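This briefing goes through selected sites, the domains, the nonpolar cores and the ligand surroundings of one protein model. Please read it alongside the sequence and the coordinates.

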Amino acid sequence: MKVMTFLLTGLKNNLDYNKKNILKSINKIYINGEFVTPHGTATFDLISPVSNQKTGEAILGDQVDTQNAIAAAKEAFKTFSKTTKEERIGYLEKLRAIIGRREKDLTDIMVEEYGGTFQFCSMVSQNMVQDINAMIDVLRDFDFVQTHGNSKVFLQPAGVVGIIIPWNMSNGFIVTKLATAIAAGCTVVVKPSEMSTQQTQLMAECFHEAGLPKGVINFVNGLGDVVGAEMTRNTDISKIAFTGSTAVGKIIAKGAVDSMKRVTLELGGKSPNVILDDANLQEAVPTAIFAAFLNSGQACAAATRLLVPQSKLGEVNTIVRAVVQNIKVGNPQDADTVVGSMISKKQYERVQDYIRIGQEEGATLLIGGLGKPLGLEDGNYVKATIFTNVKNSMRIAQEEIFGPVLVIIPYKDEQDAISIANDTVYGLAAYVSSATKERAYRVASQIDAGRVCINGILHDSKAPFGGFKQSGVGREYGILGLEEYLEAKAILE
Ligand code: NAD
């Protein structure tokens, strides 16, 4: 799917924040097929990212809630793990219909809760349906009993899976992971980010309506070092599927080893975008900017390092300036907004710190910079910021900023571009533009990243997604994603 076309399409949005003056209360979690009052009593303020006003409160689950959810999933696993392929396809089809029907609600709550742009969030909602579809296809064709050598190999569900999710694009990750878990016959406990409780509430309603047997899916809102830590520790969980920062991924991997849990870790990135010298710059450069500002730059796969031929740096800078001047930074609910607000004041400050670091490191600020755009002082808005003539050794080229900040790095020749692209601890995604497909493939094949997109921002719900190096462990989506939720048992006779 060409995401670019979508991003550039204006869409009508009917949201109206001003009508919502009543404080919201997220006071239930979902355990054993029911919305229940948590045992935990700690509260978390819901803060609008566009106004920094309090919009409500969530009650957070605690260790007891987590243990109750795990116990429910363990009990449900006894029967759910024995369901047939057809039964699981039936649940996924129901879920697909419900999520398709609630697409607008799912989009609206994303925009409202974390300030994701309407453009981006609409695309995420559409991808949810597409991802469930893809998993149905994969499941239909998958052989759970295979022959390897002279033996039968049984691929059986791994057990209770703990799913830990970040705040950006929260429901998209939940759907991908849960669709795979259901396809595999696993039961789950989901811990979303404490900053995603409103999105989670809606998603839990969708799963409830899908009529899955009680205990198969459980949602516990809560903090990482409370709910997430209990999931990592608890011996009744067989596998953790985590999406989030590399720092927290390492904590989880270390904790999981005590009970030898399987882990899938989808972590951070600093993805290179290599524009080769034969590429059409009028197409490749605007695409590169949209790839960098994906989800307002709060995307793990955002193409945040733009590698361009030294000889074309001046031309690239001119196009970049022209494109960025016309990009709308503003209210995420507006259909033409490309960069919305950062999720929180903390995230805003983090991005400001990196812009300051870039200036101190001697990178050339091409456009944007410190402070909020004029007229947007109340929200967590960052100016769309581009540094040029950046050295790959600089911190702004090496560290994940997670905001609308792109660095342009000049390279000498193709080999130099490949070595700069690989000179990072990360390896999640990469992008290559060229007029010659063979040339783009040649470069793509030498970049250490889990996904490389040629001439665009692309998504394929059946192709594996995951990271090389410190971008993660394991893969999601498609056959490889399904296999991560299965254990192989060979029976030899
Ligand atoms: P985070 O790592 O801070 O938090 C992710 C989740 O882990 C949250 O639910 C959090 O509560 C939980 N957590 C925190 N401490 C924990 C602990 N000690 N034990 C267990 N769980 C704990 O990430 P974030 O700030 O929510 O999200 C942004 C990060 O996620 C970025 O680094 C981004 O690159 C990464 N990310 C990766 C992908 C991917 O697919 N590779 C996708 C989206 C985001």
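Leaving out residues up to four places away in sequence, Asp278 touches Ser434, Ala435, Thr436 and Arg439. The model is predicted, and the points below are grouped by topic.

**Asp278 and its partners**

- Asp278 sits in the loop that runs between strand S13 (272-275) and helix H10 (281-292).
- Two polar contacts start from the side chain of Asp278: one goes to the backbone nitrogen of Ala435 at 3.3 Å, and the other goes to the side chain of Thr436 at 2.7 Å.
- Between Asp278 and Ser433 there are 8.5 Å from C-alpha to C-alpha, although the two are 155 residues apart in sequence.
- Is Asp278 buried or partly exposed? Its relative accessibility is 25%, so Asp278 counts as partly exposed; the cut-off for buried is under 20%.

**Domains**

- The protein is divided into domain 1 (19-267 + 471-491) and domain 2 (272-461).
- The centres of the two domains, taken over C-alpha atoms, are 30 Å apart.
- To the contact between them, domain 1 contributes 27 residues and domain 2 contributes 33 residues.

**Thr246**

- Thr246 belongs to helix H9 (residues 246-256).
- With a relative accessible area of 9%, Thr246 is buried.
- The side chain of Thr246 has a polar atom 3.3 Å from the backbone nitrogen of Gly268, and a polar atom of this side chain also lies 3.0 Å from the backbone oxygen of Gln470.
- Beyond four places in sequence, the contacts of Thr246 are Leu267, Gly268, Tyr426 and Gln470.

**Thr117**

- Thr117 is placed in the loop between helix H4 (103-114) and H5.
- The relative accessible area of Thr117 is 2%, so this residue is buried.
- The side chain of Thr117 reaches the backbone nitrogen of Phe120 at 3.1 Å.
- Setting aside neighbours within four places in sequence, Thr117 is in contact with Val111, Ser296, Pro332, Thr337, Val338, Val339 and Gly340.

**Nonpolar cores**

- In soluble globular proteins, nonpolar side chains tend to be buried together.
- Which residues of the largest nonpolar core touch the most other members? Among its 108 residues, they are Ile99, Met203, Phe207 and Phe219.
- Helix H5 (residues 118-141) gives the most to this core, with 12 residues.
- Domain 1 and domain 2 each supply at least three residues to this core.
- Phe219 is in contact with Ile29, Tyr30, Ile174, Leu178, Val190, Thr200, Met203, Ala204 and Phe207, leaving aside its neighbours within four places in sequence.
- Another core, of 33 residues, lies apart from the largest one and includes Val351, Val407, Ala430 and Ala444.

**Ligand surroundings**

- Glu400 has a polar side-chain atom 2.5 Å from an oxygen atom of the ligand.
- For Trp167, a polar side-chain atom lies 3.1 Å from an oxygen atom of the ligand.
- Gly224 takes part through its backbone, with an N or O atom 3.3 Å from a nitrogen atom of the ligand.
- How much of the ligand does the protein bury? Taken alone the ligand exposes 850 Å², and the protein buries 87% of that.

**Loop residues and backbone angles**

- Met169, in the loop between strand S8 (160-164) and helix H6 (170-184), has a positive phi near 60 degrees and is not a glycine.
- Lys469 is not a glycine, yet its phi is positive, at about 45 degrees.
- The loop that holds Lys469 runs between strand S21 (451-454) and strand S22 (472-473).
- Lys469 has a relative accessibility of 38% and therefore counts as partly exposed.
- Ala335 lies in the loop between strand S15 (328-329) and strand S16 (337-339).
- At 15% relative accessibility, under the 20% limit, Ala335 counts as buried.
- Ala335 and Val161 are 37 Å apart from C-alpha to C-alpha and 174 residues apart in sequence.

Notes:
Residues numbered from 1 in each chain as written. Predicted model: local features only at pLDDT ≥ 70, side-chain atom pairs only at ≥ 80, totals over all residues. Heavy atoms only, no water. Core = buried A, V, L, I, M, F, W, Y, C linked by side-chain atoms within 4.5 Å. Buried < 20%, exposed > 50% of the residue type's maximum accessible area, 1.4 Å probe, protein only. Helix = DSSP H or I, 4+ residues; strand = E, 2+ residues; numbered from the N terminus. Domains from an automatic or database assignment. Contact = heavy atoms within 4.5 Å. Polar contact = N/O pair within 3.5 Å; in protein donor to acceptor, adjacent residues only side chain to side chain. Areas by Shrake-Rupley, 256 points an atom, 1.4 Å probe, with all protein chains shown as cover.
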